[in-house]
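Please open the model in your viewer and keep the selection tool at hand.

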Amino acid sequence: MKTPDSLIFDMDGTLWDALNTYVNSWNSGLVEENVNRKVSAEEISSMMGLDSQKVLDRILPEYSREDQHRIYKTINQHRAEQVETTGGTLYDGVMEGLSQLSEKYKLFIVSNCPEGMITLFMKWANITEYITDEMAYGINNMPKNHNIKYLIDKYQLQNPVYIGDTEGDRVESELAGIPFVYFSFGFGEVESYDLKFDDFNSFTEYFLNLP
C-alpha cells in the first residue's frame, strides 16, 4: 500500500456508535406513521452499512416504494432531532486523532446515511473543522464506491484509503480501486483487508508515523 495523501472514513461503527439513537428514531417514526412494527437493536445493527433502500425492503417489504419513502422521511426527521439532542458514543481517541491527522492528510466521510446526517454528526462531535468534505447516500442515492470516486475526482486525490467496519465497506473500497482499512471494533466482521486496527488510537499513531 502506497503512503496515502487522504483518509476517507465511514461513519457508523467507524467514528461513533449511535445504534440506540437510530433504533429509537425508527420506532418513534413508525409509531407516528401508524406502522405496526418495532425494530430491535440487533436488527438495526445487522443492517449497518446498507443503503436505505435495502434496509426498507427488509423492514417494510409489504409497503410500496412510495410508502416506504414517506415512512422513512418521518423516521429521518426523528433521527435528525435525536442526533442533535442525544447523539451517540464517539469512539475513544476520535476527536484528538482527527485533529492530529488533519494536519497531515485530507480527511473525508462517506456514509450510506440520509442527506444531512454526516453534517449533524460532525457538528455534534465537534469535528467539522477537521473534515475537508463528506458525501452521503441520501444526497444522490449512489453506492459508496461512486461517492468515494466522486471525492477522489473532485479533490484530485492521489493515494486515498477507505476506513470502515463492514464487509460492505471492503467491497465498496475494492470497487473504488483503493485500499481498505478495517476497524474491528465496529459492527461487522471482515476477513480481507489491507490494514486492521482494534482501536482508533493505534490507527492514529500508525498513520501519523508514516513517512
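**The lining of the largest cavity**

The residues that line the largest cavity comprise 10 nonpolar, four polar and six charged. Here Ala, Val, Leu, Ile, Met, Phe, Trp, Tyr, Cys and Pro count as nonpolar, Asp, Glu, Lys and Arg as charged, and the others, Gly among them, as polar. This is a predicted model, in which local features need pLDDT of at least 70 and side-chain atom pairs count only at pLDDT 80 or more, while totals for chains, interfaces and linings use all residues. Residues are numbered from 1 along each chain as its sequence is written, and side-chain values use heavy atoms, with hydrogens and water left out.

Select Met47, Met48, Gly49, Leu50 and Arg79: among the 20 lining residues, these lie nearest the centre of the largest cavity. A cavity is a set of points, on a 1 Å grid over the protein atoms alone, where a 1.4 Å probe fits but cannot get out; lining residues have an atom within 4 Å of a point. The volume of the largest cavity is about 270 Å³, and the count by this rule is one cavity of 30 Å³ or more. Grid points are joined across faces, edges and corners, and a volume is the space filled by probe spheres set on the points.

Now colour helix H1 (19-32), helix H3 (52-59) and helix H4 (65-85), the elements that give two or more residues to this lining. Helices (H or I, at least four residues) and strands (E, at least two) are DSSP runs, numbered from the N terminus.

Select Asn76, which is placed in helix H4. Is Asn76 buried or exposed? Asn76 is buried, because its relative accessible area is 14%; buried means under 20% relative accessible area, exposed over 50%, and partly exposed in between (1.4 Å probe, protein chains only). Its side chain is joined to that of Arg79 by a polar contact of 2.8 Å. A polar contact is a pair of N or O atoms within 3.5 Å; within protein, one must be able to donate a hydrogen and the other to accept it, and residues adjacent in sequence count only if both atoms are side-chain atoms.

Next select Asn112, in the loop between E4 and H6. Asn112 is also a buried residue, with a relative accessible area of 15%. The side chain of Asn112 reaches the backbone oxygen of Gly49 at 2.7 Å. Not counting residues up to four places away in sequence, Asn112 touches Gly49, Leu50, Asp51, Tyr137 and Lys144, where contact means heavy atoms within 4.5 Å.

**The largest nonpolar core**

Select Leu7, Phe9, Trp26, Ile44, Phe203 and Phe207, which touch the most other members of the largest nonpolar core, a set of 52 residues. Helix H6 (residues 117-125) gives the largest share of this core, six residues. A nonpolar core is a set of buried Ala, Val, Leu, Ile, Met, Phe, Trp, Tyr and Cys residues joined through side-chain atoms within 4.5 Å. In soluble globular proteins, nonpolar side chains tend to be buried together.

Centre the view on Phe207. Its contacts, not counting residues up to four places away in sequence, include Met1, Pro4, Leu7, Leu101 and Phe197.

Move to H6, whose buried residues are Met117, Ile118, Leu120, Phe121, Met122 and Ala125. Against which elements do the buried residues of H6 pack? They pack against strand E2 (16-17), H4, strand E3 (89-90), helix H5 (94-101), strand E4 (106-111) and strand E5 (133-136). After H6 comes Asn126, with a positive phi near 60 degrees.

**Asp133 in strand E5**

Select Asp133, located in strand E5 and buried, with a relative accessible area of 16%. The side chain of Asp133 makes polar contacts with two side chains: that of Lys154 at 2.9 Å and that of Tyr155 at 2.7 Å. Asp133 and Ile109 are 24 residues apart along the chain, and their C-alpha atoms are separated by 6.8 Å.

Select Asn34, in the loop between H1 and helix H2 (41-46). Asn34 is exposed, with a relative accessible area of 70%, and its phi is positive, near 60 degrees. Asn141 has a positive phi near 55 degrees and sits in the loop between helix H7 (137-140) and helix H8 (144-155).

Finish at Asn201, in helix H10 (residues 200-208). Asn201 counts as partly exposed, at 45% relative accessibility, and touches Asp92 and Gly93, not counting residues up to four places away in sequence.

Key
On a 1 Å grid over the protein atoms alone, a cavity is a set of points where a 1.4 Å probe fits but cannot get out, and a pocket is an open set with protein on both sides within 12 Å along at least five of seven lines; lining residues have an atom within 4 Å of a point.
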